[in-house]
Amino acid sequence: MPNPSVDPAVQRDADQLEASLGHVEAQLGALGDALKQQDAAATDAAASNLHRALAAAMECFTRAARRGAVPPALRRRLAVTGGQVAAQ
């Protein structure tokens, strides 16, 4: 829900960051599922999708960080998600 006291550009950045991070988390889940199924083709496809989602999220975070618009909660989520990606 938009906060009326927040600059609209900052809110837009936060919304985009939230969406891109959610996509990374979804792709991470898909990779985990493919690994559990021991399906090499699905694992390869899921890993590629995760890589693309992570690259897009990092680009989004980089743009927002240049404007100083990355909320601390999203920074923490990105760090946790990055750790989960590394663990896979």
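User: Which pattern does the protein follow along the sequence?
Analyst: This is a predicted model, in which local features need pLDDT of at least 70, side-chain atom pairs count only at pLDDT 80 or more, and totals for chains, interfaces and linings use all residues. Residues are numbered from 1 along each chain as its sequence is written, and side-chain values use heavy atoms, with hydrogens and water left out. Helices (H or I, at least four residues) and strands (E, at least two) are DSSP runs numbered from the N terminus; the protein has three helices and zero strands. Read along the sequence, the pattern is α-α-α.

User: What percentage of the residues of the protein count as buried?
Analyst: Buried means under 20% relative accessible area, exposed over 50%, and partly exposed in between (1.4 Å probe, protein chains only). The protein has 88 residues, and the share that counts as buried is 28%.

User: How many salt bridges does the count come to?
Analyst: Side chains of opposite charge can pair when their charged atoms come close. A salt bridge here is a side-chain nitrogen of Lys or Arg within 4 Å of a carboxyl oxygen of Asp or Glu. By this rule the count is four.

User: Asp13 and Arg67 meet in a salt bridge; how many residues apart are they?
Analyst: The N to O distance between the side chains of Asp13 and Arg67 is 2.7 Å. Asp13 lies in helix α1 (residues 8-37), while Arg67 is in the loop between α2 (40-66) and α3 (72-87), so the pair links distant parts of the chain, with a separation of 54 residues.

User: Is Asp13 buried or exposed?
Analyst: The relative accessibility of Asp13 is 6%. Asp13, by contrast, counts as buried.

User: Which residue is linked with Glu25 and Arg77 in a network of salt bridges?
Analyst: The side chains of Arg77 and Glu25 meet in a salt bridge at 2.7 Å, N to O. This pair links distant parts of the chain, with Arg77 in helix α3 and Glu25 in helix α1, 52 residues apart. Arg77 is partly exposed at 24%, and Glu25 is partly exposed at 30%. The network also includes Glu18.

User: What separates Arg63 and Glu59 in helix α2?
Analyst: The side chains of Arg63 and Glu59 meet in a salt bridge at 2.9 Å, N to O. Arg63 is partly exposed at 35%, and Glu59 is partly exposed at 48%. Because they are four residues apart in helix α2, their separation is about one helical turn.
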